[in-house]
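Subject: Structure for you to look at

Hello,

Here is the structure I promised to pass on. Please open it beside this email and follow along.

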Amino acid sequence: MKNSRVFDLLGPIMVGPSSSHTAGAVRLGLMAGKILATEIRKARILLHGSFAQTGKGHGTHLALIAGLLGMYPDDERIKIASQLAESYGVIINFENIDLGQVHPNSVKFELTGANGQKSTIIGSSLGGGKVIITEVDGFRVKFTGEYSTLIAVYPDYPGMIAEITTQVASAGVNIAQMKVSREGRGRKALTVIEADEVIKDIVVQHIKGLPKIEKVMYLEQMN
Amino acid sequence: MRSYLELLEQANSNKSKISEIVILREMEATGLDREQLLAKMKLNYSVMQQSVEQGLTSEWRSFSGMVGGDAARLIEYGKSERTLLGHTMNKVAARAIAAAEINAGMGRIVAAPTGGACGVLPAVMITVQEIIGSSEEEIIMAFFTAAGIGMVIAERASVSGAEGGCQAEIGTASAMAAGAAVELAGGTPEQTAHAGAIALKNFLGMVCDPVGGLVEVPCIKRNAMGAIKAMTAAEMALAGIKSAIPLDEVIDTMASIGRQMPCSLRETAQGGLAVTPTGKRIEENIFRG
Ligand code: SF4
């Protein structure tokens, strides 16, 4: 690990037992839930590799559910996440899957929200509680949640990216990284913007209000 | 932080402690100010204290049901006349097991550097604070020395069992704790390096072979040994005993041994204690049950 920092060695504060199989799994669930961006009703959770094999003993299932319900990796209710989901009326199913050449600790979420909205998310837990999201609604992406992250889906046409970045920049937010993925020329595109600072809700709302925008998701920076 | 030698030289030329250099570098790298860093570390320490307390007093069972209650058992025995370790070292071992048991039971801990090794730092720091009577400020600062050692290990080797075996987890935790203990007890920057080196040398080659792939057996008891070795290494360094091989070279050795370890001995539960007849039986019971 290059450029490690003090709190990589002492931290995170988390519920055990495993930073990759428990803390990382909570984060993945949390990010998936935020990408769905509405109250969750149903989740089909597909486990790959080591998540499928040793997940049970590490509480990976509970951790993923806890994340989906909005808990953070240090929440002591992770242990009872399954009961909590039931009491909230959230239907959860687990299956195993082979996602091919991905990190051994990977998971695919198929989520349904309160108003029937659907999201598919694939992500991996890289160790030490660090995670990466690699796919959102069929688009290949790459973001970690270590920055404030804004995701926008829209029909791919010239000028759209500029309109979005102008909104972000005019709020005085410094863009750290930006990546666009396309489904095919002239069809749909998804842009991920990672910023150092918090992107205020009003800015997110403005972007949502841009003509032609289909979907905007915002994940606050996680530490 | 590419080498501990670099930290040592800077500490010596500034006539300051290692922790001071680590905190200055961290401020520069992250843009956070001293108060923010200290506050974050303080929170870590209070969670560490809570996890130890909880582990010593509750009948906590691990997630698989394989382990639990050993910290309480050990601290109770330590009160008897026949304690072999003496009251203080008994507490070190029991506290390490306490936090590690909480981790295994899905309780809240601080990864240090990982969840599997989360008992070593709290056990050593709480006990040294008791022995020396260190202030809260001193103890919080000493954690930055621990982090300094850990950061060099993370950059030159690894702190993950899957990459470097258990030497990289418990070994790293023990080296970090040894260095911090020396600083708390008033040792010199050089002595923190010797303590870290002595501790780490005594974990070289230790494989990661958790039964059933769970952070329980042998992990929890290895936390006790990691803490005891840290205390012993710190005591040696404070007495003026030197490590013949400098810390940076011990770390490089650990990295090289880690690379030579077969995959079966790096957290895959396909070798070592995990594949003993009993280990396999336990695994079957957990995953069938
Ligand atoms: S045996 Fe493996 S899982 Fe257990 S503490 Fe050591 S490195 Fe961590």
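Predicted model: local features only at pLDDT ≥ 70, side-chain atom pairs only at ≥ 80, totals over all residues.

Helix H5 of chain B covers residues 86-104, and helix H11 of chain B covers residues 219-238. Their axes come within 8 Å and cross at roughly 145°. The crossing of H5(B) and H11(B) is right-handed.

Which residues of H5(B) meet H11(B)? They are Met89(B), Val92(B), Ala93(B), Ala96(B), Ile97(B), Ala100(B), Glu101(B) and Ala104(B). On the H11(B) side, look for Ile220(B), Asn223(B), Ala224(B), Ala227(B), Ile228(B), Met231(B) and Thr232(B). By class, this contact has 12 nonpolar, 2 polar and 1 charged residues.

Now turn to the sheet in chain A. It is an open sheet of 6 strands. The order is S3-S2-S4-S5-S6-S7, and the pairing is mixed. Why do S3 and S7 of chain A each have one side without a neighbour in the sheet? S3 (91-96) and S7 (139-143) stand at the edges, so each has a single partner strand. From one strand to the next, the twist averages 20°.

S2(A) pairs with S3(A) in the parallel sense, over 6 bridges. With S4(A), S2(A) pairs in the antiparallel sense, over 8 bridges. Find Leu47(A) to see both pairings. Leu47(A) stands opposite Asn96(A) in S3(A). In S4(A), its bridge partner is Val107(A).

Strand S6 of chain A (residues 130-136) runs antiparallel to S7(A), and 3 bridges join them. Glu135(A) stands opposite Arg140(A) in S7(A).

Two helices of chain A belong with this sheet. Helix H2 (residues 19-36) packs on the sheet and touches S2 (40-48), S4 (105-113), S5 (118-127), S6 and S7 of chain A. The direction of H2 makes about 155° with that of S5(A). Helix H4 (residues 60-68) of chain A lies across S2, S3 and S4 of chain A. H4 runs at about 145° to S2(A).

Next, a few backbone details. Most residues other than glycine have a negative phi, and most peptide bonds are trans. Pro12(A) lies in the loop between helix H1 (6-9) and strand S1 (13-15) of chain A. Pro17(A) sits in the loop between S1 and H2 of chain A. Asp137(A) is not a glycine, but has a positive phi of about 45°. Look for Asp137(A) in the loop between S6 and S7 of chain A.

Last, the domains of chain A. The domain assignment gives domain 1 (3-137) and domain 2 (148-219). Taken over C-alpha atoms, their centres are separated by 25 Å. In the contact, 8 residues of domain 1 meet 6 residues of domain 2. The area buried between these domains is about 570 Å², and carbon and sulfur atoms give 65% of that. In domain 1, Lys34(A), Ile35(A) and Val136(A) lose the most area to domain 2. Together they make up 58% of what that side buries.

Best wishes

Key: Residues numbered from 1 in each chain as written. Chains lettered and ligands numbered in written order. Heavy atoms only, no water. Axes fitted to C-alpha atoms, helices over the stretch in contact; angles between N-to-C directions. Helix = DSSP H or I, 4+ residues; strand = E, 2+ residues; numbered from the N terminus. Left-handed = near helix turned anticlockwise from the far one by under 90°. Contact = heavy atoms within 4.5 Å. Nonpolar A, V, L, I, M, F, W, Y, C, P; charged D, E, K, R; others polar. Pairing = 2+ DSSP bridges. Domains from an automatic or database assignment. Buried area = accessible area lost by both parts, 1.4 Å probe.
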